[in-house]
Amino acid sequence: MQSLASPRSLRAAQAGRRSVAAQGAAAQAPVVTQRAHFKGDSSFSFAPIINGCWQLAGGHGREVYEGIQEKLEAHAAAGLTSFDTADIYGPSEEILGQWQRAHTAAGGAPVQVFTKYVPNIFQQRPTPSSVEAAVRRSLTKLQVDKLDLVQMHWWEYGIPGMTDAALALADCQAKGLIRHVGTTNMDTAALDAIVSAGVPVVVNQVQFSLLDRRPLNGMVQYCGERGIKLFTYGSVGGGLLSDKHVQEPKQGLFGFGGAKYPPVDLNTSSLKMYWNVTKQFGGQELWRELLVVLKAVADKHNVSVANVALRWVMQQGDGQTVFPLVGLRGTAHIADNARVLALALDADDLAAIDDVLARSTGPTGDCYSFERGN
């Protein structure tokens, strides 16, 4: 890719400035030292906030790829050493593989790269050999001998073979190709079917935020009781749960038409997806009301709205189950993300937030339910 090639002239100067900026961001950020572990493997640890690489799949602008090596290095230098990708995220695995190889060769601290297996089950039912072939493709792209974690997604429960495919991943684990097996976007019944079949699932990745609380309808409890972690995406709603959107409504021209909020610029594929969730949550008015409460809590603790949104998710369940992903677009938010780990929401904070949440209308059901048409 062009962003990984050696730039020339103006591009070289721009890359140099980006590298300095990345190093500066890492230097200013408090280094994250907290670590978490999957059940049964105390020798393997990961950062409690995970860098999501979904943006590298496309739909978020070319700037995501600019200076990507420096951005990845800045996050690792700040102790945010865990990265989440997938075999369907465009060039993401190749980018991470190139960077991880250079990072390791330079003596960098150990990093963790979590990927996903997302078979196109509408075209062909997976077999043990096709599952292993997919695992080996990820090994090649990531330039490693063993994958840290493979999380399986299954588009449609009505298509048979889900449990067999998960068992095939467990076989790859037994062969030493995978260290840990996980799932993604599974509802509670599907996860239980896979676990009951004997697959040693250590994590399920789902959407979870103040706007989408479907994991509280059974998933958080199920995982907490079994020591299964939850990696959560969308926990800041693609930026919808941030200071950027804390605004007062504006009066119409000459005071006519009542107060209105400015339109939200849905300029990425993620924002479009999370705006749909926001509409189910209760629409713009309730979302804006939630932001006002989050801002008050943030000001009380001298943190950001995004910090409060992330901490709320992390405090659900037993406080040791939920670990959020934060999209990796740049380095500006590294220090802010790290502050989440020193924050604790108290009873008054939670009560104020709950007062707004009590008036929410959705989304309802289990994890990834309406996305599957349920």
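This talk goes through a predicted model, from its barrel to its backbone exceptions.

Some ground rules before the structure. The model is predicted, so local features need pLDDT of at least 70 and side-chain atom pairs count only at pLDDT 80 or more, while totals for chains, interfaces and linings use all residues. Residues are numbered from 1 along each chain as its sequence is written, and side-chain values use heavy atoms, with hydrogens and water left out.

I start with the barrel. Eight strands close into it in the order β3-β4-β5-β6-β7-β8-β9-β12, with parallel pairing. Neighbouring strands of this sheet are turned by 30° against each other on average, direction ignored. Axes here are lines fitted to C-alpha atoms, for helices over the stretch in contact, and angles run from 0 to 180 degrees between N-to-C directions. Strands and helices are DSSP runs numbered from the N terminus, a helix being H or I with at least four residues and a strand being E with at least two. Two strands pair if DSSP finds at least two bridges between them.

Two of the pairings can be given in detail. Strand β4, residues 82–84, is joined to β5 by three bridges, and the two run parallel. S82 stands opposite Q112 in β5. Strand β9, residues 229–233, is joined to β12, residues 322–327, by three bridges, again in parallel. There, L230 has V322 as its bridge partner in β12.

How much of β5 is buried? Six of its six residues are, so β5 is largely enclosed by the rest of the structure. Buried means under 20% relative accessible area, exposed means over 50%, and partly exposed is in between, with a 1.4 Å probe and protein chains only. Q112, F114 and K116 point one way from the strand, and V113, T115 and Y117 point the other way.

A cavity is a set of points on a 1 Å grid over the protein atoms alone where a 1.4 Å probe fits but cannot get out, and its lining residues have an atom within 4 Å of a point. Grid points are joined across faces, edges and corners, and a volume is the space filled by probe spheres set on the points. By this rule there is one cavity of 30 Å³ or more. The largest cavity has a volume of about 40 Å³. Its lining is made of D87, T115, K116, Y117, A134, V135, S138, L147 and V150. The elements giving two or more residues to that lining are β5 (112–117), α4 (128–142) and β6 (147–152). By class, the lining has five nonpolar, two polar and two charged residues. For the classes, Ala, Val, Leu, Ile, Met, Phe, Trp, Tyr, Cys and Pro count as nonpolar, Asp, Glu, Lys and Arg as charged, and the others, Gly among them, as polar.

Next, the hairpin. Strand β1 (residues 36–38) and strand β2 (residues 41–46) pair in the antiparallel sense over three bridges. H37 has S45 as its bridge partner in β2. Two residues lie between the strands, and G40 takes a positive phi near 80°. T33 is found in the loop between α1 (9–28) and β1. This residue is exposed, with a relative accessible area of 63%.

Q100 counts as buried at 11% relative accessibility. From Q100 to L142 the C-alpha separation is 7.9 Å, and the two are 42 residues apart in sequence.

Now the cysteines. The structure holds zero disulfides, a disulfide being a pair of cysteine sulfur atoms within 2.5 Å. For C367, the nearest cysteine sulfur is that of C223, at 8.1 Å. C367 counts as buried at 3% relative accessibility, and C53 does so at 1%.

Last, the backbone exceptions. Most residues other than glycine have a negative phi, and most peptide bonds are trans. N302, in the loop between α9 (283–301) and α10 (305–314), has a positive phi near 60°. N302 is exposed, with a relative accessible area of 70%. Y368 also has a positive phi, of about 60°, but counts as buried at 18% relative accessibility. Y368 lies in the segment after α12, and P363 is in the segment after α12 (347–357) too. A cis peptide bond joins G362 and P363, with omega about -5°.

Note on methods
1 Å grid on protein atoms, 1.4 Å probe; cavity = no way out; pocket = protein on both sides within 12 Å on 5 of 7 lines; lining within 4 Å.
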